[in-house]
Amino acid sequence: MKRIISIMLIMTILFSATACGNVKKSDNTKKIIDCAGDEVEIPEKVDTVINLVTYGCQVMVGLDFGKYLTGINVDAIESQWMVEMYPEIENIEKFDQEASAEVLLKADADIVLVQEAEQARDLRSKGVTAVTFSYWTIEDMKVAINMLGDILGDDAKTKCEKYVDYLEGNIKLVADTLDGKLPEKESMYYINGVSNKGLYKTAGKGSTNSACANLSYTIFATDELIESPANKVDSEAILAVNPQNIIIGGKYQHVLYDELMSTAEWSNNDAVENENVFIVPMGISAWNRYGLEIALMITWTSAVIYPEYFEYDLIEETISFYEEFAGYTLTEKQAEYILGGLTPNGEKEITN
């Protein structure tokens, strides 16, 4: 009886091995849940990606996943540092954010990442393997990056998990350092310099900038003034708040800095008088936007606003971050340029 059972067991193993060796094409797939909550069937092994999401392209370059990209959003290169760290980005085919299914099918990538769920669903209905990749909060960002790891698999999955751990570690570092040690939290006003729309173009409650400010133990000055994430604030209202610190981000940040420092209505502001006006560092993307550098933005904000409480080597951490995740080793001078919001040549992105 034992002999019969053994023979049957061996036959079963041989049959299983044969079946695995003749896998049907439909078996070479896996299912993931995308950022819209949709279950999407994708190839088991993804080698080529078209990324139509501006910050999604920046995330992939920041994680040293550029080798997967065969197509990017036409607006993906927002900073010269992206080209500096991954020169091949300039040679990758550029696509409009609303590229048609016909165009994408012709490009023949394993997967297409898009920002809007309806666009992804429409493309899937036309034969494109499209996945929604988007986030508007830091918690959602963690989910999206882990999803990216699930899509690419293997070492990429490990890298994504390591980044999420790093982000959570920086949040914890600030909390452990500052919680219960500050006499009171200082206020901070953010000026949005992505476009040159003046000193009152900002962000409000629910924005990523607000979330970063709160995680950095500062009071986001427009939280009580603006309900929407991106908007303009009333000039009289924000001047009345008299923020103790001002942070300016975006490619027009140096232009807006000069305007702020020479505008009469801001001359009596505490931040201006005490020289607590800061330029957001610029790497693959501006640190305060939707790229990986959001993890650095949290600690940087605490370090520049609370230098007496939060001792932090910004140069060393900047070098370490890009080497660890982007696979690019900065010199100390390059790290200084990034922290100063300057280009790889040490110049201002825009001067007038």
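Q: What percentage of the residues in the chain is buried?

A: This is a predicted model, in which local features need pLDDT of at least 70, side-chain atom pairs count only at pLDDT 80 or more, and totals for chains, interfaces and linings use all residues. Residues are numbered from 1 along each chain as its sequence is written, and side-chain values use heavy atoms, leaving out hydrogens and water. Buried means under 20% relative accessible area, exposed over 50%, and partly exposed in between (1.4 Å probe, protein chains only). Of the 352 residues in the chain, 51% are buried.

Q: How many helices and strands does the chain have?

A: Both are DSSP runs numbered from the N terminus: helices (H or I) of at least four residues, strands (E) of at least two. The chain has 14 helices and 13 strands.

Q: Where does Glu293 lie?

A: Glu293 is found in the loop between strand E13 (277–279) and helix H12 (294–305).

Q: How far away is the nearest side chain of opposite charge to Glu293?

A: Lys and Arg count as positive, Asp and Glu as negative, while His and the chain ends are not counted. A salt bridge is a side-chain nitrogen of Lys or Arg within 4 Å of a carboxyl oxygen of Asp or Glu. Glu293 is buried and has no salt bridge; Arg289, the nearest side chain of opposite charge, is 9.2 Å away.

Q: Which residues is Glu293 in contact with, leaving aside its neighbours within four places in sequence?

A: Contact means heavy atoms within 4.5 Å. With those neighbours left aside, Glu293 is in contact with Gly283, Ile284, Ser285, Trp287, Phe321 and Tyr322.

Q: Where does Asp75 lie?

A: Asp75 belongs to the loop between strand E4 (69–73) and helix H3 (80–85).
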